[in-house]
Protein chains: 2
Amino acid sequence: MKQYYYFFTNGKLRRKDRSLFFLFGEQENSEPDESQFPLENSLVIKSQTDVNQNSSEDDSDKNNKMHIPIETVESIFCFSEITFTRAVLSFLGKLNVPVFIYDYYGNYCGTYYPKCEVISGERLLNQVRHHLDAKLRLEIAREVVCASIKNMDSTLTYYENREIELKSEIEQIKKMYEDAESSTGIKRLMGAEGYARHNYYDAWKKILADKNFDGRNSNPPLDPINAIISFLYSLLYNICTNECYRIGLNPAISYVHELGENRNSLALDIADIFKPIISDRVAFSLLNKGQINEAEHTRSEAGGVYLNETGIKIVARKFDEKLRSTFYHRELKRHISHRQLIQHEVYKLLAHISGEKPLKCFRAWW
Amino acid sequence: MKQYYYFFTNGKLRRKDRSLFFLFGEQENSEPDESQFPLENSLVIKSQTDVNQNSSEDDSDKNNKMHIPIETVESIFCFSEITFTRAVLSFLGKLNVPVFIYDYYGNYCGTYYPKCEVISGERLLNQVRHHLDAKLRLEIAREVVCASIKNMDSTLTYYENREIELKSEIEQIKKMYEDAESSTGIKRLMGAEGYARHNYYDAWKKILADKNFDGRNSNPPLDPINAIISFLYSLLYNICTNECYRIGLNPAISYVHELGENRNSLALDIADIFKPIISDRVAFSLLNKGQINEAEHTRSEAGGVYLNETGIKIVARKFDEKLRSTFYHRELKRHISHRQLIQHEVYKLLAHISGEKPLKCFRAWW
């Protein structure tokens, strides 16, 4: 399976014939810029191995030049001050590799999309038909929202089993699940989802009792924990966008979210299913194990609170570990990674709108 | 009005605070690459003025550094070996400036799309409704195809008035116009359009009598004239994509072309209207005035014939001049540029699908 490449180190991506290289830390210093991260300890997360800039692995050489086997690249996430040449962008375009660009604060800014990706016309029409037809749309939206609420429930139950008193929040969430299950319109469904989510974040105050968390906020996040959550959600969102794009679903045609709220609102639909069991679990794990320090790894700037360069690196690496970690899938009867879980979900959505198999979204049992 | 920026010179785009700079020809030479164009005489086409690398205009300085007033940038076309930093891409993302990347051969490879552009959900639904409903779709498609055929007619008539015998081709095209006007299905319509276009390119053999033109071919173009046409069409296509994107029309939902034939098939629909009166006129003008030399400005490579670096520059500059050139618009009763003409057409399409005003596509009278 191809890998996501996350770049945290400054440097240059260069093409030579049919190969891609990364030149570490050759960013010119003549033009200091707010976006230049310190070079020390900067890393590229690559597959299962972290290649340090001083590494002397097979695919690096003494000149701090790393060969990137292009056939292993699924897409590129750019968090550091990297320069792309036109030759590299046209090469990535031909190989269908999208590049997601994040700014200094870890905000997602834009994507380089290759030209050639084929979107089947029939597939797009099926997607749109299921949006336009209120009954068909509700079927999908209800299934997505129910799975999303059930996964909030699972995450809270996990912590309740660890002696945190979350009974009332879980009860409310279960009620909202029933409400969602029986709802006959999108608005009612969204209401149930919103109320469940409200209770869910309320429970976080108890799970993160020794932390300073006073509820969810965003755009911009106003405290360190919300900065971590926002960043994790934007990573998940781009992974979902990428998987839609790969399978040939138009990420702009959604079922729960309204169209145009966001360009890729289908990715938001799918991300909602996985927030509680992927992003949020990563956040809890980082915070409760003290792997991230709210004060040390964030900064207040431009009216919000953001992860700093080290914070971005810590969170993105942990997120990638989570995506790569595997579990035994009861229905598939085999071990799959969390990334494959997302891919499988996108595939199930495609099978549903193609009339092959009714959608049954993933509900965590742990 | 904001300008398209076309980059033909090697160099670096850099951001400093809220400003954008272009550093001429600072591409490192340590890594020679097929995509590095010679620096001499390389230019950036910018608004009405060409800023030479040795220019000492206000917005350049002695260090070969050109300031690019970001508020004037509509979008960027990259034809040369330019490096983009992450800081530049995130800056362009925030300012909603797309970047179109072309390879060494002048082939379009991919686009950097900013995150934030808002697509109205209602607008998208209107677009899709007009695609799904056969009657609504035919109405738009017929109008687009008729305008496209009429514009082929106008271009040939222009040359017939200049003593080139094109009577039979024009007659066939007029017949196909009537056929298209009365057609009751997309297939019949496409047939009329295809046959008209066939006759249209046949007429080119006479218009370009002293040239070596033996009909249209593409993907890849097999001779110098087809290389010029293909490149002009891809420029027009990206301009149309850009204008759809700006007005909030999804360029993937088309009416003449099938969905998924190409990612931005609506841009293909709109481009067809303007090929005869913009791209093709530029081609004739370049060829008949001897402003481009088929042998000197193209090269045979990779099984096709492509413009070389000088050829790309000549054609793109002429194309941009055409876009900026104005004419008196009879209905609008004022002078507008050809670029505004395209924008107006995209706007008319929006007004049509919004139910504001029935579509009447542009038919040239010259």
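**Terms and their grounds**

Modeller: In chain B, Asp133(B) caps the N-terminal end of H3(B), with a side-chain oxygen 2.9 Å from the backbone nitrogen of Lys135(B). The model is predicted: local features need pLDDT of at least 70, side-chain atom pairs count only at pLDDT 80 or more, and totals for chains, interfaces and linings use all residues. Side-chain values use heavy atoms, without hydrogens and water; residues are numbered from 1 along each chain as its sequence is written, while chains are lettered from A and ligands numbered from 1 in the order in which they are written.

Biologist: What makes H3 of chain B a helix close to its expected span?

Modeller: A helix is a DSSP run of H or I with at least four residues, a strand a run of E with at least two, numbered from the N terminus. The expected span is 1.5 Å times one less than the number of residues. H3 (residues 134–160) has 27 residues and reaches 38 Å from its first C-alpha to its last, close to the expected 39 Å.

Biologist: Why is Ala302(A) called exposed?

Modeller: Buried means under 20% relative accessible area, exposed over 50%, and partly exposed in between (1.4 Å probe, protein chains only). Ala302(A) has 65%, and is therefore exposed. This residue lies in the loop between strands E12 (298–301) and E13 (304–307) of chain A, and its phi is near 50°.

Biologist: Why does Asn96(B) count as partly exposed?

Modeller: Its relative accessibility is 21%, so Asn96(B) counts as partly exposed. Asn96(B) lies in the loop between helix H1 (86–94) and strand E10 (99–102) of chain B.

Methods: A polar contact is a pair of N or O atoms within 3.5 Å; within protein, one must be able to donate a hydrogen and the other to accept it, and residues adjacent in sequence count only if both atoms are side-chain atoms.
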